[in-house]
Amino acid sequence: MTDTTPLVTMAPDLAVAVLDWQRWLADLRRLSPRTVEAYGRDAHDFVRFLTGHLGAPPAIVDLGRLSPADYRAFLARRRRDGLAAPSLARGLSGIRSLIRFLEKRGEATSAAVSAIAAPKAPRRLPRPLGVSDALSIVSEAGALVDEPWIAARDAAVLALLYGAGLRISEALSLTAAEAPPEAGGAVRVTGKGGKTRLVPVLPAVGRAVAAYIRLVPFRLAPQEPLFRGAKGGPLSPRIIQLAVQRLRGALGLPETATPHALRHSFATHLLGSGGDLRTIQELLGHANLSTTQVYTSVDAERLVAAWKGAHPRA
């Protein structure tokens, strides 16, 4: 893999170890390239801090001698630089990963960094759409597009987001061979960390994808992207984001009406209709149930709002 982080001065043994760690993250942990890149930037920023903090470019042995106070000093400096809690937590997570990687090789100990609590960010609840608004976006997808195959493409992508709860990256990474059956069934989806899952697909979603396949003017080889841009290349997420932006303007929907809001809507509407939380977790591809549980708060807020608007004693 290519390291795109800025040049940082460090001892040769640590420089080699950092590259080994990034390869390990990509090849064995199967983290996304963006995550590996972000972790690399955080590690390099930490090394840059240590150069000033310790008075010389650090080596592996210096990382093994760090105390909790050293890590707290780094977090304090980043906070002074204006980083918010989520960025601080991610940076600490990346540094922990590096130190634990070195610990597995017998070159450092993670006791000091493990003693540091990650900064907690206030939990932001998902912003799903109401059922009628979500259905409006999906049914009107392509209404503002003159080219029939592009209109069908946009409708198919949005149907997968709301009808199957896919992330936009998951929908656009489908190959032609992975297209869902027209009559409905299941589709194998590759999510975060390269993990795959089977997601059931409604007949309406299968029909939307089939309509696009019949109209697309490009040959869809089995292992090539299912969804194409106007010139035949892989479809960019930005194109779908702009399509939804135009739609929400035409339909008078709030700015929270985004492609990802359709995935939130999928989960919230399932839960509101009695869906099992564990099942929704599997459908969404969440690694932890706690990630899925935020939708219970969303549903509770919706119920309270309905009560306040309708109950005579509210």
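**Exercises on helix packing and nonpolar cores**

In the protein chain of this predicted model, residues 24 or more positions apart account for 62% of the contacts with a separation of 6 or more. The chain has 14 helices and two strands, and buried residues make up 44% of its 314 residues.

**Exercise 1.** Determine how helix α8 is oriented relative to helix α10, and which classes of residue form their contact.

*Solution.*
Step 1. Locate the helices: α8 covers residues 148–164 and α10 covers residues 203–215.
Step 2. Take the geometry. The two axes come within 8 Å and cross at roughly 155°.
Step 3. Apply the cut-off. Angles over 145 degrees count as roughly antiparallel, so α8 is roughly antiparallel to α10. The crossing is left-handed.
Step 4. List the contact. From α8, the residues include Trp 149, Ala 152, Ala 156 and Leu 160; from α10, they include Val 205, Val 209 and Tyr 212.
Step 5. Sort by class: the contact has 13 nonpolar residues, one polar and one charged.

**Exercise 2.** Find which element gives the largest share of the largest nonpolar core, and describe the surroundings of Leu 158.

*Solution.*
Step 1. The largest nonpolar core holds 50 residues; among those that touch the most other members are Leu 158, Leu 160 and Tyr 212.
Step 2. Helix α8 supplies the largest share of this core, twelve residues.
Step 3. Leaving out residues up to four places away in sequence, Leu 158 touches Ile 137, Val 138, Ala 141, Ile 240, Val 244, Leu 247 and Leu 262.
Step 4. Another core, of 32 residues, lies apart from the largest one; Leu 25, Ala 43, Ile 60 and Leu 88 are among its members.

How values were computed:
Residues numbered from 1 in each chain as written. Predicted model: local features only at pLDDT ≥ 70, side-chain atom pairs only at ≥ 80, totals over all residues. Heavy atoms only, no water. Axes fitted to C-alpha atoms, helices over the stretch in contact; angles between N-to-C directions. Helix = DSSP H or I, 4+ residues; strand = E, 2+ residues; numbered from the N terminus. Parallel < 35°, antiparallel > 145°, perpendicular 65-115°, else oblique. Left-handed = near helix turned anticlockwise from the far one by under 90°. Contact = heavy atoms within 4.5 Å. Nonpolar A, V, L, I, M, F, W, Y, C, P; charged D, E, K, R; others polar. Core = buried A, V, L, I, M, F, W, Y, C linked by side-chain atoms within 4.5 Å. Buried < 20%, exposed > 50% of the residue type's maximum accessible area, 1.4 Å probe, protein only.
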